[in-house]
Amino acid sequence: QVQLVESGGGLVQPGGSLRLSCAPSGNFVSVSTMGWYRQAPGKQRELVAQITASGRTNYADSVKGRFTISGGSAETTVYLQMSGLKPEDTAVYYCNAQIAASSLLWGDYWGQGTQVTVSS
C-alpha cells in the first residue's frame, strides 16, 4: 500500500537546474534513510545522494558540489536540488526509502522513476 511518488524531472540545458521531489504515500509509520539513484541507458544503477534519519548525507563523487539532498526524516519528503547539470547527468532518477508500514515491518521502496534529460 505504500508508494513513493516522484516529480520534478524534465528537459534542461547544460548548466541548468532541476529540483526533484519524492514523498511516500499510503499507510506507513515512519521513514528512515532516503535517497536518489539514477540509471542511464547501458549503465548500472548508481547511488546519487542519500540522507539518513540523523541527517547525514552521502553523494556520488560525480555530483558533489552540484547536487544537494534535503528533507527526509520527520519531513518524509526528500528533495534533490540539481545545479550545473551536465549531459552525463541524463538518466532516469529513482527515489529510494526505508519505510516502516508498521512498528516492526520495514521495507525497501522505490519510486516509479523520473526522466532527467540534459541537452542543448
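**The core and its charged partners**

Biologist: Which residues touch the most other members of the largest nonpolar core?

Modeller: Keep in mind that this is a predicted model. The largest nonpolar core has 28 residues. Within that set, the ones touching the most other members are Met-34, Trp-36, Leu-80, Met-82 and Tyr-93.

Biologist: And which strand gives the largest share of this core?

Modeller: Several elements give two or more residues to the core, including strand 3 (18–25), strand 4 (30–39), strand 8 (78–82) and strand 9 (91–100). The largest share is 5 residues, and it comes from strand 9.

Biologist: Let's move on to charges. How many salt bridges are there?

Modeller: Side chains of opposite charge can pair when their charged atoms come close. Here a pair counts if a side-chain nitrogen of Lys or Arg is within 4 Å of a carboxyl oxygen of Asp or Glu. By that rule the count is 4 salt bridges.

Biologist: How many residues apart are Arg-38 and Asp-89?

Modeller: Their side chains meet in a salt bridge, 2.9 Å from N to O. Arg-38 is in strand 4, while Asp-89 is in the loop between strand 8 and strand 9, so the bridge links distant parts of the chain, 51 residues apart.

Biologist: Are those two buried or exposed?

Modeller: Buried means under 20% relative accessible area. Arg-38 and Asp-89 are both buried.

Biologist: What parts does the salt bridge between Asp-89 and Arg-66 tie together?

Modeller: The closest N and O atoms of this pair are 2.7 Å apart. Because Arg-66 lies in the loop between strand 6 (57–59) and strand 7, and Asp-89 in the loop between strand 8 and strand 9, the bridge ties together parts that are 23 residues apart in sequence. Arg-66 is buried, and so is Asp-89.

Biologist: What about Asp-61: is it buried or exposed?

Modeller: Asp-61 forms a salt bridge with Lys-64, the closest N and O atoms being 3.2 Å apart. Exposed means over 50% relative accessible area. Asp-61 has 65%, so it counts as exposed.

Biologist: Last one: which ring does the charged end of Arg-45 sit over?

Modeller: There are charges over rings here, including Arg-19 over the ring of Tyr-79, 4.5 Å from its centre. For Arg-45, the charged end is 4.7 Å from the ring centre, and the ring belongs to Trp-110.

Conventions:
Residues numbered from 1 in each chain as written. Predicted model: local features only at pLDDT ≥ 70, side-chain atom pairs only at ≥ 80, totals over all residues. Heavy atoms only, no water. Lys NZ or Arg CZ within 6 Å of the ring centre and 35° of its normal. Core = buried A, V, L, I, M, F, W, Y, C linked by side-chain atoms within 4.5 Å. Buried < 20%, exposed > 50% of the residue type's maximum accessible area, 1.4 Å probe, protein only. Helix = DSSP H or I, 4+ residues; strand = E, 2+ residues; numbered from the N terminus.
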